[in-house]
Amino acid sequence: MSTKVKLKVIDCIGSVYEKSEKCKLESDFLNKSEEELLIVSEYFGTSQIESFFISVIFAYNCKGESVNCGDFIKHFECNPMKVMDYFQVLDQLSQKGYLNTGKSIISSKRSVVDNNYNIDEKIIDAVLRNKPLPELVQKKEQSIFEVLEKLDKLGTQVDNEEILQYELIDQTDEMLRTHAALPLIRHVLDLHLKTTDAYIYLHLIWKTMSGNESVYFEHILEQILGEYSSRYSYLQSYHSGENALLKNNLVELVESRFLNDSEIKLTEKSIKTVEEFGVKLLNPNFKRENVLRPDEITYKKLIFSESMLNQISTLENLLMEKKFNETQKRLVEKSLPRGVTVLLYGAPGTGKTEIVRQLAKATNRMLMKVEISQSKSMWYGESEKKIKKIFTEYKSFAEDCEQTPILLFNEADAILSKRKDAGSSDVSQTENSIQNILLEELENFEGILIATTNIANNLDTAFERRFLFKIQFPKPELEARAAIWNSKLSNLKPEECFLLAESFQFSGGQIENIVRKKEIYEIVHESEVGFEKILSFCKEESIAGDVAKVIGFRAFVA
């Protein structure tokens with residue numbers, strides 16, 4: 001670049017400075033210095049807006065003054081909020097090595113608002129001496145992991161009384177703005193959270209990365225809120241559901257009896273979102289406790305009556321992937337609900353749960369099993385949350401599966417029975433509330449749900465429409481029982497199987513109990529069990545009522 005051009009850079013910087021006075025940062029403020037900014041940009045290799053701020057700061061520095069937010073506001077005579085819109089530009093110039101930043105001696109420690117900006121001395125010297133722009137040393141952009149670790153260390157500094165709570169919040173705010181270019185930080189800023197909430201959220205992400213599924217809420221609040229009354233008030237906002245982190249489904253409370261025993265953890269939605277921004281939290285090989293893979297299910301041959309077999313075979317064919325996809329597509333085209341909901345009801349031990357397992361194996365689908373009795377909480381209001389959470393987790397799990405998984409509500413008697421009078425008790429109100437939530441979820445359900453229940457006549461009529469298939473599982477009739485005995489104990493003679501079936505009206509589950517006792521006895525006593533011993537085992541089981549004969553039965557082969 002010639003000396004003439006270099007001198008012109010200085011002139012242009014001065015001209016931009018003069019024209020920027022009282023510009024109010026209105027929409028056309030760059031147009032007033034368009035020609036000069038073109039030359040400044042050519043020299044510095046910067047954008048027009050970057051060159052604009054370089055020129056203003058350069059001029060101030062030449063007067064021996066640093067520039068802060070207040071100086072910009074006074075110089076431009078603009079709304080303070082307009083200056084704040086350009087902090088990211090200043091951050092970028094700092095990262096690229098054009099600017100040095102520092103806090104004012106009289107700083108109130110309120111984030112980047114108090115930064116003093118100076119052009120790097122080597123750059124000023126080069127421009128004033130008509131020399132080419134020196135090679136700039138760009139500041140290394142910190143990774144999201146380094147930023148999260150620094151935030152965590154702020155909490156440790158509070159614990160060690162090295163900084164105060166308000167300093168942690170101020171420094172968190174500054175770090176968020178400084179590293180706004182990082183996708184996860186940008187996401188948090190776009191949520192418009194309070195700095196307190198942003199710190200809790202990012203702290204929880206770091207702790208989750210470190211192997212802690214949940215953290216004690218009280219300890220986090222001690223780090224950011226000094227007074228106990230403030231911490232208690234903040235906890236109340238969580239338990240009332242008013243906090244922004246809860247409203248945005250970013251965190252969830254772990255059930256506890258007392259407020260100050262509360263723990264929080266990331267929601268499934270949060271984990272998925274965070275991983276989309278490059279922060280891996282979950283081990284892809286981790287096995288959920290309530291999920292069975294098809295290859296983990298042991299094949300069992302089940303005996304059904306002809307009418308039951310027809311219904312189950314229809315269901316199996318429907319759940320085959322090709323048929324299932326075709327079915328859902330057609331239902332959507334017809335503006336009909338696309339979810340497949342099935343109710344299996346009948347006597348205990350008749351194979352309701354086992355047939356769901358066999359269907360999952362036969363159709364190669366993951367099986368997510370929920371024991372409803374374990375989902376009912378002793379704490380008022382928690383049961384409703386758990387029911388909603390089941391569907392949220394299923395939806396998230398389904399997104400990770402190649403094929404739509406089966407959601408099994410096992411022994412769902414408690415939530416499918418007839419609703420009680422609303423005013424009878426708090427317990428009744430809670431159970432009714434759970435049923436209302438379940439009815440709502442079933443109305444909008446898009447996956448595969450199978451519920452099992454022992455109730456028959458006590459089913460709430462509101463659920464009849466919500467279940468597409470309803471299959472009754474009665475106790476097996478005479479011929480079916482004989483076939484089950486024969487399939488379980490092939491060493492028995494046909495007449496012995498028939499005698500057992502005629503003498504004992506057992507369900508398939510009860511017959512399986514007898515078989516287990518037989519196997520255990522042979523191991524313990526080291527001797528084979530004969531028919532007479534089988535009879536004695538049967539007498540130890542409860543005997544059911546009359547036998548009703550049904551013609552025609554065959555085995556279900558999954």
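**Helices, strands and loops**

Q: What is the handedness of the crossing of H16 and H18?
A: This is a predicted model, where local features need pLDDT of at least 70, side-chain atom pairs count only at pLDDT 80 or more, and totals for chains, interfaces and linings use all residues. Residues are numbered from 1 along each chain as its sequence is written, and side-chain values use heavy atoms, with hydrogens and water left out. A crossing is left-handed if the near helix is turned anticlockwise from the far one by less than a right angle, and right-handed if clockwise. For H16 and H18 the crossing is right-handed.

Q: Which residues of H16 and H18 make the contact?
A: Helices (H or I, at least four residues) and strands (E, at least two) are DSSP runs, numbered from the N terminus. Contact means heavy atoms within 4.5 Å. H16 gives Ile 312, Leu 315 and Glu 316, and H18 gives Ile 355, Leu 359 and Ala 362.

Q: At what angle do the axes of H16 and H18 cross?
A: Axes are lines fitted to C-alpha atoms, for helices over the stretch in contact, with angles from 0 to 180 degrees between N-to-C directions. The axes of H16 (residues 306-319) and H18 (residues 352-362) come within 10 Å, and they cross at roughly 40°.

Q: What is the strand order of the open sheet of three strands?
A: Two strands pair if DSSP finds at least two bridges between them. Four bridges join E4 to E5 (residues 263-266), and these strands run antiparallel. The edge strands, each pairing on one side only, are E3 (215-216) and E4 (251-254). The order is E3-E5-E4.

Q: Which residue in E5 is the bridge partner of Glu 252?
A: E4 and E5 are antiparallel. The partner of Glu 252 in E5 is Lys 265.

Q: How many disulfides does a search of the whole structure find?
A: A disulfide is a pair of cysteine sulfur atoms within 2.5 Å. For Cys 78, the nearest cysteine sulfur, that of Cys 23, is 7.1 Å away. The search of the whole structure finds zero.

Q: Is Leu 25 buried or exposed?
A: Leu 25 sits in the loop between H1 (3-20) and H2 (34-44). Its phi is near 55°, a positive value in a residue other than glycine. Buried means under 20% relative accessible area, exposed over 50%, partly exposed in between (1.4 Å probe, protein chains only). At 5% relative accessibility, Leu 25 is buried.
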